[in-house]
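Here are my notes for you on this one. Have a look at the model first, then go through the points in order.

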Amino acid sequence: MASEREKKPHFQQWPIWDEEEIKAVQDVIRSNNWWCGAPADQTGKHVWAFQKEFAGFQEARHCIAVSNGTVAIETALIALDVGMGDEVIVPDYTFVASASAVVATNAIPIFCDINSDTFIMDVDKVQSLITPRTRAIVAVHLGGNPVEMDRLCEIAGKHHIKIVEDCAHSHGSRYKGKHVGNWGDAGTFSFQASKVLTSGEGGAIICNDKSLAEKIYSITDCGRKIGRHFYSHYIYGSNYRMSEFLAAVLRAQLKKFPSQHILRNRNAKYLNEKLSSIDGIKVMKPTPGTEELGYYIYPFVFKPSCFGNITKENFTGKLNIAGIPTDDCYPPLHTLACFKDVSLRKGIDYSRANWGGEKSDNRYFPVVTDIYSRSVQLPQYLLLAEKEMLDYVVNVIKNLS
Ligand SMILES: Cc1ncc(COP(=O)(O)O)c(C=O)c1O
């Protein structure tokens, strides 16, 4: 009989590329146009074309491509007038960028606990975190799972609060008839190497308001305006432009994305059914109203008592030994040294924050603390595997119990 080691499957590597990506990069080199070009003549071909194509794909009116997903959030917040002393509600369970972008604007992130079934921001808890200083909410569709945007928009509307949707995990996610990124004031994306649509680095901001789109553009291009003189700078701005190389690769990747997205959704549904039937496994529940999920990661939690009180490290370690790749989960933001020790921006008073020192104690964030302690994440490319491979994953997990 073949040993476990011999039976180890080979999962799809990421990123997936072919001659089209090679040709795209070569074309940029040969064009002698390696950047998106001055705003008066838009000489770069790919950045401007990608912006149109990605806006079309996400069904948004406007898209501004930028150098990464972190500055995408920062830019959206600045464009929405978030700044010094403002409070911005951010889920506690996300990558640090969702909150560090808030810190970069000199505002104060306020951490919101998550829902134990969907693993994303608990909209019921948002209300209790609103103060007269709350200026915005960063709604993160973690793992592609949409935040309950209809309810969140209602709450935000009542309090005149802006919403930035952090869609770094949710390319293609659709909730109640609308792609994510179109519910709030702006939606931000990352195209970093591990993302489902990638060019190694890169980001984008989508929105549906023309004047906001123009402001966002100016912030990302040194305060310039499209169609105006190169050395005219109208507002505060920086250089967050995307290069032609990234956009050329993204255009090739965008053609591959729809079929991968369908496969990920189909395979996730299959895994959901199979894994849910194992005693002690709880998969991420898609938010009711979800029509498609971006599935940047496939998360689930295990009940240690059903698996001989195994630790999370041993659980993932055993999967890895069996050849199944796992991703590290994000430590809750309140536990990160930069927030716990309040090592952030000079001159900003963080004393009102609901984290820092004693306030960072896990007991104030009970759901995320519990979920994090027993959650496992499978990478998105695993969802591109053949059915037999998914069955293999299910069997390995079943045999751990
Ligand atoms: C939820 C989330 N937001 C924002 C980002 C930042 O994107 P980038 O790495 O492109 O700056 C990431 C990156 O992993 C992310 O996971």
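1. Let's start with how residues get sorted: Ala, Val, Leu, Ile, Met, Phe, Trp, Tyr, Cys and Pro count as nonpolar, Asp, Glu, Lys and Arg as charged, and the others, Gly among them, as polar. By that sorting, the shell around the ligand has six nonpolar, nine polar and two charged residues.

2. Before you go further, some ground rules. This is a predicted model, where local features need pLDDT of at least 70, side-chain atom pairs count only at pLDDT 80 or more, and totals for chains, interfaces and linings use all residues. Residues are numbered from 1 along each chain as its sequence is written, and side-chain values use heavy atoms, with hydrogens and water left out.

3. Now, who sits around the ligand? There are 17 residues around it, and Gly69, Thr70, Asp166, Ser190 and Lys195 come nearest (a residue is near if one of its heavy atoms lies within 4 Å of the molecule). Helix 3 (69–79) and helix 4 (97–104) are the elements that give two or more residues to this shell, and helix 3 has the largest share, with three residues. Helices here are DSSP runs of H or I with at least four residues, strands are runs of E with at least two, and both are numbered from the N terminus.

4. Check the polar contacts next (pairs of N or O atoms within 3.5 Å). A backbone N or O atom of Gly69 lies 2.8 Å from a ligand oxygen atom. For His169, a polar side-chain atom lies 2.8 Å from an oxygen atom of the ligand. In Tyr330, a side-chain N or O atom is 3.1 Å from a ligand oxygen atom. On its own the ligand has 390 Å² of accessible area, and the protein covers 93% of that (Shrake-Rupley method, 1.4 Å probe).

5. On to the cavities. A cavity is a set of points, on a 1 Å grid over the protein atoms alone, where a 1.4 Å probe fits but cannot get out; its lining residues have an atom within 4 Å of a point. The volume is the space filled by probe spheres set on the points, which are joined across faces, edges and corners. How many cavities of 30 Å³ or more does the structure hold? It holds two.

6. The largest cavity has about 70 Å³ of space. Its lining includes Cys36, Trp48, Ile64, Tyr217 and Arg241. Helix 2 (46–58), strand 1 (62–66) and helix 7 (210–220) each give two or more residues to that lining, with the largest share, three residues, from helix 2. By class, the lining has seven nonpolar, two polar and two charged residues.

7. The second largest cavity has a volume of about 60 Å³. Among the residues lining it are Tyr93, Phe119, Leu142, Met284 and Gln377. This lining has seven nonpolar, four polar and no charged residues. Where does this cavity lie? Domain 1 (19–254) and domain 2 (256–399) both give residues to its lining, so it lies between them; the domain bounds come from an automatic or database domain assignment.

8. Last, two backbone details. The peptide bond from Trp14 to Pro15 is cis, with omega near 5°, and Pro15 is in the segment before helix 1 (19–31). Asn32 is not a glycine, yet it has a positive phi of about 65°; you'll find Asn32 in the loop between helix 1 and helix 2.

How values were computed
1 Å grid on protein atoms, 1.4 Å probe; cavity = no way out; pocket = protein on both sides within 12 Å on 5 of 7 lines; lining within 4 Å. Polar contact = N/O pair within 3.5 Å; in protein donor to acceptor, adjacent residues only side chain to side chain.
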